[in-house]
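Please keep the structure in view while reading.

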Amino acid sequence: MHFTRMGAYSDHEVPVIVHGDGCYVYDEHGKRYLDGLSALYCVNIGHGRPQLAQAAAAQMEELAFYTNWSYAHPRSIELAAQIADLTPGNLNRVFFTSGGSEAVESAWKLAKAYHAARGEPTRHKVLSRMLAYHGTSMGALSITGVTALRTPFEPLTPGAFHVPNTNSYRWSDDRDQLWAADAIEEAIVFQGPHTVAAVILEPVQNAGGCFVPQDGYFQRVREICDRHGVLLISDEVICAWGRIGHWFGCQRYDYLPDMITTAKGISSAYAPLGAVIAGDHVAEPFLHGKESFIHGFTFGGHPVACAVGLANIDVMASERLCEHVRANEGAFRERLEGLRDLPIVGDVRGAGYFHAIELVKDKQTKETFNAEESEHLLRGFLSGELYRRGLICRTDDRGDPIVQLAPPLIASEQQFDEIETILRDVLGEASERMADAGARVGAA
Ligand SMILES: Cc1ncc(COP(=O)(O)O)c(C=O)c1O
């Protein structure tokens, strides 16, 4: 199993999810769960949509597969055109992949190839943020900023370097709000701008717990990239397709990247699909004479996945799901903010239907739990108990311990109430348990 402690299943059974309907999924025993994570930030339109199943079946009958290597097929052409209509600015060129890691790998290679084609072959490095997750294949893993995921597989692809993220929870009040943006310029200058190909950032950083950008952050980063001839890649594997209330996350924060990487919600995960969406200027060097982007995946832009992607856009547009998220995110946030009275809740942050609650040992000092306490809290209690109570969400301590929520975009009051009720009970009990454990250690 992926990212799973297999040994944990020696004394309890693997949860087997067999059916989905709207915001809910069912296990093999018929028990219902609120899918507060859209499976893995991806089933954006919710489970069990017949339109997508029908689109897949019709496509299999018409043309189950043809490749995008030297050929094309109608669904990839139509989907690329629709995506180009939805993106801002000149982001008009779409290169399909089967998922997010492949999109990130492809964007890094495209950035290198773009600079080389323009006579700057030394530009090969990429900068990303500490703690950010960008995938697990060797290039994407090198870009990923999570130490525990990287070190077991070193040496990684050379050329990826890491800069500070925008987690401001523990910043002092007098810190310049744009220092994390300026740190990107320092890193580019230190590396030598003529060696840097791209900077890759999520609109809201997932790992670490929904780090939102400071006001003006992306505008400053855009200026820095322009000043040094570096491409800006917006990694929207999670943040596109309505997750933060817009088709693309960069639209929420009003910046124009040179490329967007995306996956997950592009098909609401009904079929594996991802994409790099590049500005016309990025694609331009490859459109003439004997030039080509020497890169591809057999299943990139699979006809069935593209047919599903088109049906997904239809559903999102006809149900106005971006508008729905923008209209309801305040109510969702309010429920989570309401949990701040619990001693263990330190911070609530995020955007749209993408939020995290940071758990702390001491609210006043913002002291976090140590590794042993976090293990006890998350794996010893919270994840099992939340699931037992019927809420699927994510507990994570790749950074400081958090609980993360990203329900399907169709969620509204009823689901927010359920989420709040379960979290209040379970986090309340977690507060008491951690306080008791602390008192025992103190007494000893
Ligand atoms: C921002 C970001 N980039 C890349 C990836 C990798 O995507 P995949 O798991 O589809 O390879 C993820 C996965 O969660 C992600 O969140």
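Tyr 26 stands opposite Arg 32 in strand E3. This is a predicted model: local features need pLDDT of at least 70, side-chain atom pairs count only at pLDDT 80 or more, and totals for chains, interfaces and linings use all residues. Residues are numbered from 1 along each chain as its sequence is written. Helices (H or I, at least four residues) and strands (E, at least two) are DSSP runs, numbered from the N terminus.

E3 spans residues 32-35 and runs antiparallel to E2, with three bridges joining the two. Two strands count as paired if DSSP finds at least two bridges between them. The open sheet here has four strands, ordered E1-E2-E3-E13, with mixed pairing. Strand E1 (17-21) and strand E13 (391-392) are at the edges; each has a single partner strand, so one side of each lacks a neighbour in the sheet.

## Val 25

Val 25 belongs to strand E2 (residues 24-27). Is Val 25 buried or exposed? Val 25 is buried, because 21 other C-beta atoms lie within 10 Å. The scale is this: buried means 20 or more other C-beta atoms within 10 Å of the residue's own, exposed means 12 or fewer, and partly exposed is in between, with C-beta atoms placed from the backbone.

Leaving out residues up to four places away in sequence, Val 25 touches Ile 17, His 19, Gly 20, Tyr 33, Asp 35 and His 47. Contact means that C-beta atoms, placed from the backbone, lie within 7 Å. Ile 313 is 288 residues from Val 25 along the chain, and their C-alpha atoms are separated by 22 Å.

## The seven-stranded sheet

A second open sheet is built from seven strands in the order E4-E10-E9-E8-E7-E5-E6, again with mixed pairing. Its edge strands, E4 (91-97) and E6 (160-163), each pair on one side only. Neighbouring strands are turned by 25° against each other on average, direction ignored. Helix H7 (residues 179-191) packs on this sheet and touches E5 (125-129), E6 and E7 (196-201). The direction of H7 makes about 145° with that of E6. Axes are lines fitted to C-alpha atoms, for helices over the stretch in contact; angles run from 0 to 180 degrees between N-to-C directions.

Strand E9 (residues 259-262) pairs with E8 (residues 231-236) in the parallel sense over four bridges. Asp 235 is opposite Thr 261, and Glu 236 has Thr 262 as its bridge partner. E9 also runs antiparallel to E10 (residues 274-279), joined by four bridges. There Thr 261 faces Val 276. Both faces of E9 are covered: Met 259 and Thr 261 on one side, Ile 260 and Thr 262 on the other, are all buried.

## Around the ligand

How many residues surround the ligand? There are 13, the closest being Gly 99, Gly 100, Ser 101, Gly 135 and Val 237. A residue counts if its C-beta atom, placed from the backbone, lies within 6 Å of the molecule. Helix H4 (residues 100-117) gives the most to this shell, with three residues.

The shell holds five nonpolar, six polar and two charged residues. Ala, Val, Leu, Ile, Met, Phe, Trp, Tyr, Cys and Pro count as nonpolar, Asp, Glu, Lys and Arg as charged, and the others, Gly among them, as polar.

## The whole chain

The chain has 14 helices and 15 strands. Of its 444 residues, 48% count as buried. Among contacts between residues at least 6 apart in sequence, 73% join residues at least 24 apart. The C-alpha atoms fill a box of roughly 75 × 55 × 45 Å along the principal axes.

Technical notes: Two residues are in contact if their C-beta atoms, placed from the backbone, lie within 7 Å.
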